[in-house]
Every structure is written in C-alpha cells, then in structure tokens.
Amino acid sequence: MNRETTFWASLPEHWRIARTLRRLQIYFYPLKCKGVWECYEACPVGCWMPDRAGHKAIFREGERCIACGACVLQCPEDAIELR
Amino acid sequence: MATVFMKWLETSPKDYERGIQMLTLGRLGTLRRDLLDAYIRPGCRVLEIGCGTGALTVMMAQRGAHVTAIDVAPAMLAEAEEKVVRRALQSQVDLKLMDASLIGERFPAGSFDLIVAVLVFSELAPDLQRHVLRACARLLAPGGYLLLGDEVVPGRARRRLAYYAVRLPLSLLTWLLTRTGTTPLRDIEAMLAETGYRARMQAAYLGGSLVLYEARLPGVAGAEVSSDAIRAAAQQAWPAPFVPPPGVVGRLRRRTTLRTLLVDLWALFLRIIPPYPKVRPGLYAVGRPHARSPVLVTGNFDLTVRRLVAAIDGRVDAWLLVADSAGINVWCAAGGGYFTAEKVIAALKSSRMDELVDHHALILPQLCANGVDGWKVRQETGWGVHWGPVRAVDVPAYLQAGRKKTDAMRWVRFPLRDRLEMVTVTLGFYGLLILLPVLLFWRHLFWPLSASLIGLSYFYAVVLPWLPGRDGLMKSVPLTLIALAGLLLYTSLWNPLPVERLFNWTLALTGLSVFAGAELQGMSPLMRGEQANWGWEAVIGVVLGLIYWSAPLAMGWS
C-alpha cells in the first residue's frame with residue numbers, strides 16, 4: 001500500500017480535528033440539572049462546583065476547560081454539551 | 001505528532017484481514033474451509049465470537065447456517081455488514097457490537113448448536129478466557145460444539161525452534177505492513193478441561209502452530225470451584241504466608257527489582273513508543289484484603305499499577321481490579337477509547353468479584369471519567385461507581401475519609417517534578433523524530449540543534465506556569481522571544497555570526513520554539529491536547545519554509 005497517499009489524505013482530517021479541538025466549549029443547561037454533581041466529581045480542572053443550596057451545578061471559569069468530555073459523559077441528565 | 005503516530009498504529013479492517021492471512025501464510029483460509037466442511041450444516045445455529053471483517057461469517061451463512069456474529073470493533077463490524085449485504089445474507093446473519101464478556105447474559109441458555117471463535121481467545125486475558133468459556137458452556141445446546149481456532153506455540157522443541165525462526169521475521173514484516181499482530185494462545189487445553197469441556201485437537205496447520213480445537217460438554221458438569229469455597233477462602237483470616245483465594249491472580253507489593261528499574265528507565269525516555277509494559281489484567285490483592293475491603297479499579301500500564309501499589313501498600317488493604325487498557329495509562333487510554341465501560345465490566349465479570357466481597361462499590365480513577373461511562377457500569381453490573389482521587393498518593397486519605405474527596409484531591413496539578421518527567425518522556429520521542437534525520441543528513445548541525453531542542457524544552461518545562469498565554473501555542477511566543485534574545489546575546493557578546501548563519505539560526509530557533517511550545521502542550525494535564533495546535537503549527541511551518549527559501553534570493557546571498 002502507498003503510505004504517502006494515506007498521509008496526504010489524512011491531512012484534511014487532522015486540520016478538522018485541530019479546528020474542532022481549539023473551539024470546543026461547554027454548553028450547560030441548568031434547567032435539566034438535578035444536582036447529581038457527577039460533573040464536579042469528574043472534572044480534573046475545577047470547572048464545576050456544586051451549588052448545595054440550589055441543588056444545581058455551577059459552571060465557572062470556562063477558559064480552564066480542556067475539553068476532555070468527562071462531565072458530558074458522566075452527566076445522567078444530558079445537561080452538558082461540548083461543541 | 002504523537003497522535004499521528006498513534007493513528008498509524010491503528011489497524012484498518014482491510015489491513016487486519018491481510019495481516020492475519022500473512023501471519024498464517026494463508027493457512028487460516030484452509031482452517032476456515034475445514035471448519036465449514038466438518039461442522040456447518042444447513043439450519044444450525046452458530047454464535048461467532050469476534051467475527052472481525054466477517055470472512056468466516058458469510059462462508060457459514062452461505063452454507064445455510066444461522067449466524068449470530070459479535071465483535072467489539074465497530075470498524076470491523078461495518079466491513080462485515082458490507083460483506084453480508086453484498087451477498088444478500090441479511091436474513092441469516094445477525095451482527096452485534098458486543099464484548100465477549102457479555103455473551104453469557106445476552107443470549108438465552110442453550111441457544112446455539114455451535115460456538116466459533118477463530119483468533120479470538122489469544123486476544124483475551126486468561127481470566128476473561130475462563131469467563132467466556134463458562135458462558136459458552138451455558139449457551140451451548142445439548143450436543144453442541146465449541147470450536148476454537150488459534151495460534152499456539154508448538155510443544156516439541158525442534159518444531160518450536162522452526163516456529164520461532166519463521167515467526168519472528170514474519171511478525172515484524174506483517175506488523176510493519178499492516179500493524180497487525182497476534183499473540184499465541186497458551187495453556188488452552190488445561191483451561192478447557194478446568195471449565196468442564198472435553199476437548200480434542202481437530203486439525204493442526206503450519207507445523208502445529210495453528211490449531212483447531214473441538215470442545216464439547218460431557219453430560220455431567222465439570223469440577224468447578226463452588227462459590228461457597230471461594231467465599232470461605234476470602235473471609236478466613238489469612239495466615240502468613242498469604243494464600244490468594246481462587247480467582248485472584250496474585251498479590252502485589254511495593255518493591256524495586258532490576259526489572260522495575262529497567263522498565264522505569266524505558267518509560268522515562270520512550271514511554272510513547274510501544275510495546276507498552278503491561279500487567280496481566282485480573283484481580284489482585286494489596287495487603288490482606290477481606291470481604292469488606294475496598295475495590296480499586298485501574299488500567300494495566302505497568303507504571304500505573306506499580307505507582308498505585310507503591311502508594312497504598314502497607315497503608316490500605318484493598319482489592320485491585322486491573323482492567324485491560326491496552327497497556328496505556330488511564331487518562332490517555334480513556335481519551336483514546338482503549339479504557340471503556342466495557343473493559344471495566346469485562347474485568348468485573350471475569351473476576352468473580354461478587355463472591356469475594358460483600359459490598360458493591362467500585363472505586364475508579366477520576367482520570368478515566370473522560371472515557372469510562374459510569375452509568376453504563378452501574379446499569380450493567382449493579383455495582384456503585386465512585387470516582388477516586390486524581391493522584392494515587394491520595395488514595396489512602398480518600399479511603400480513610402469514607403470515600404470523600406477534597407478539592408485538592410480532585411483537581412490536577414502540574415508541579416515541577418511532573419513537568420520535568422513529562423518533558424523527558426516527550427523528548428525521547430521527538431528527539432528520535434527530529435534529531436535522527438539531522439544526524440543522518442546534517443551531521444555538523446547535530447550537536448547545536450540537539451542542545452537547542454533539549455535546552456528549550458527543559459527551559460519551557462521549568463518556566464511553564466509563568467509564561468503568559470493560555471495554551472502552548474500562545475506560550476511559544478514568549479519562548480521564541482527568549483530564544484532569539486539568547487541568540488542576540490550570543491552573537492553580540494561571544495561569537496559574532498555572519499549574517500547568513502544568523503538568519504538560519506533565527507529561523508531554526510523560531511521553528512523549534514513553536515514546535516516545543518505547541519507540541520509539549522500535549523504533556524500538560526492543564527491544557528487541551530496538542531492536536532489543537534496542528535493547524536497553526538502547519539501554517540507557521542510553511543511560512544518559515546517560504547522565508548527560508550525566498551529571503552536569500554531577495555537578499556542576493558549565495
């Protein structure tokens with residue numbers, strides 16, 4: 001097989017990955033949040049905090065987000081999106 | 001860059017089929033045909049575990065069998081689906097995306113006349129092999145057969161020698177061409193006997209290195225260890241020396257040997273390059289765990305397991321469930337799809353954990369939450385999932401506090417020690433990538449360029465938190481300025497360079513700084529993957545290249 005072809009053919013895909021990863025950000029829908037706080041348990045960079053009085057999660061300091069997707073995967077209410 | 005390399009390592013379905021045909025010198029086709037002739041009758045119900053690209057699946061369906069075929073790789077299944085549709089066999093073939101560990105509960109007992117697994121068992125960890133064999137025993141209808149086709153190492157010495165003489169160069173060639181490899185199966189006859197089968201070798205090919213086993217269940221069930229015995233063993237107060245209860249691979253202790261030192265050395269420089277040092281997946285004991293001890297889950301990267309054991313041995317008694325993460329650390333394996341809920345479920349189901357402990361709480365590393373779907377684990381197993389601390393050293397304090405994390409335990413930090421370690425790891429790979437061609441083609445530049453790359457990378461690692469800029473690409477701007485300031489000082493105070501060389505070094509240092517800044521972003525847990533910088537890196541690279549070619553022309557340099 002010709003490796004060269006595969007490499008050049010993969011360039012647009014890499015370009016797309018780069019663009020997506022640069023731009024990904026969190027969209028949070030607090031109305032759906034039931035205060036399970038799995039996001040708080042999962043986030044390694046401290047973007048999520050529990051609002052214990054309001055039984056909701058709080059998303060803060062979005063520029064810290066490393067787009068790892070842990071909170072999206074663990075949220076049982078689909079209240080978080082990464083796009 | 002590392003990700004491009006990882007991408008190349010991945011096998012495409014077409015490569016896989018070609019690769020295994022190469023490895024078996026085409027005899028896999030013979031094995032498949034023999035299997036068809038001897039066992040497949042119209043109307044028989046077949047379960048094929050690990051159908052891959054569906055080559056055997058469609059052959060069986062064409063002979064009139066009703067085939068249920070499962071595989072864990074979506075890409076392989078898509079290829080199989082295409083084959084099935086092209087031959088209009090949809091009514092006879094049922095393709096399912098499923099892990100082999102789940103077959104026992106997904107299909108009713110006695111629902112297959114034939115269970116076929118070709119080149120599958122050698123891919124499974126020993127505990128999982130045992131688990132799947134037990135599940136197959138449940139699924140087979142009376143008089144049914146289990147057929148295992150796999151690679152084995154021949155038993156006789158001369159044949160074994162011939163096997164290795166052919167096998168080693170062949171597997172290297174195959175891997176380079178198709179990134180496909182297989183591991184020979186070990187001790188399968190003993191395991192078949194242990195799980196209650198009567199097995200015999202139906203056919204052997206390639207001097208006995210590719211074999212087809214036929215296994216069936218006798219009327220009475222085999223001698224299995226009863227769960228009562230396991231429970232009793234788990235609950236007894238263990239006297240020294242420690243005797244692991246049945247189902248436990250062994251006990252892990254904190255220790256340093258020549259092997260661990262060598263692995264540490266390898267992991268310090270070449271961690272990115274496979275083969276990754278692995279631990280056999282399965283259930284282990286740390287300390288003297290009992291029925292109420294916590295169950296910790298982790299991946300099977302050797303360094304991960306050893307660091308975890310070093311952090312808890314002597315402080316906590318715990319069960320350690322090592323799941324198969326392809327030998328990769330939990331964070332990267334979870335992000336890359338190698339450490340998933342399915343892997344955790346498979347490890348749990350194949351370990352008989354239920355019989356060893358009387359609670360249902362799994363503690364998973366927090367840093368696998370980006371790939372292991374906790375809710376899937378909860379639903380499929382009924383076990384509770386708790387996200388442990390980020391760092392292994394915090395595990396004892398976390399357990400002591402009753403599985404409560406402080407914020408310091410849940411947020412990653414990137415202290416100097418870790419930064420130096422990670423930059424060394426990354427340099428091992430990039431050093432080879434960049435400096436090897438330099439050594440071959442521009443030998444006179446090797447030492448200055450090596451010194452620049454290594455110096456810049458370590459300098460970057462040290463000053464990382466204080467460099468302005470949110471990501472590696474932005475941080476590479478001040479890094480470039482500092483590097484160029486260094487060049488200016490060097491030429492004005494120490495060794496005045498002619499203008500052409502100054503020009504070349506300016507471009508080279510800019511390129512290296514951008515590369516170091518942008519690519520080393522991937523080593524930091526506080527920034528996104530380095531893939532985010534590829535676009536800009538390519539643009540900057542092209543611009544630097546254009547300047548390199550056009551400026552001398554414009555300036556009239558030779």
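Among contacts in chain B between residues at least 6 apart in sequence, what percentage join residues at least 24 apart? And what makes up the largest nonpolar core, and where does it lie?

A: The model is predicted. In chain B, 72% of the contacts between residues at least 6 apart in sequence join residues that are at least 24 apart. This chain has 558 residues, of which 40% count as buried, and it contains 23 helices and 13 strands.

The largest nonpolar core has 132 residues, and the members that touch the most others are I115(B) and L321(B). Seven of its residues come from helix α7 of chain B, residues 126–139, which gives the most to this core. Two domains of chain B, domain 1 (2–216) and domain 2 (248–410), both give residues to the core, so it lies between them.

Leaving aside residues up to four places away in sequence, L321(B) touches L283(B), V295(B), L296(B), V297(B), A347(B), L348(B), S351(B) and M353(B). There is also a second, separate core of 18 residues, with Y460(B), L479(B), L509(B) and A518(B) among them.

Chain B also meets chain A: 23 residues of chain B are in contact with 22 residues of chain A. On the chain A side, α1 (3–23), α2 (38–42) and α3 (70–74) each supply at least two residues, and α1(A) provides the largest share, seven residues. By type, that side of chain A consists of 13 nonpolar, four polar and five charged residues.

Conventions. Residues numbered from 1 in each chain as written. Chains lettered and ligands numbered in written order. Predicted model: local features only at pLDDT ≥ 70, side-chain atom pairs only at ≥ 80, totals over all residues. Core = buried A, V, L, I, M, F, W, Y, C linked by C-beta atoms within 7 Å. Buried ≥ 20, exposed ≤ 12 C-beta atoms within 10 Å, placed from the backbone. Helix = DSSP H or I, 4+ residues; strand = E, 2+ residues; numbered from the N terminus. Domains from an automatic or database assignment. Contact = placed C-beta atoms within 7 Å. Nonpolar A, V, L, I, M, F, W, Y, C, P; charged D, E, K, R; others polar.
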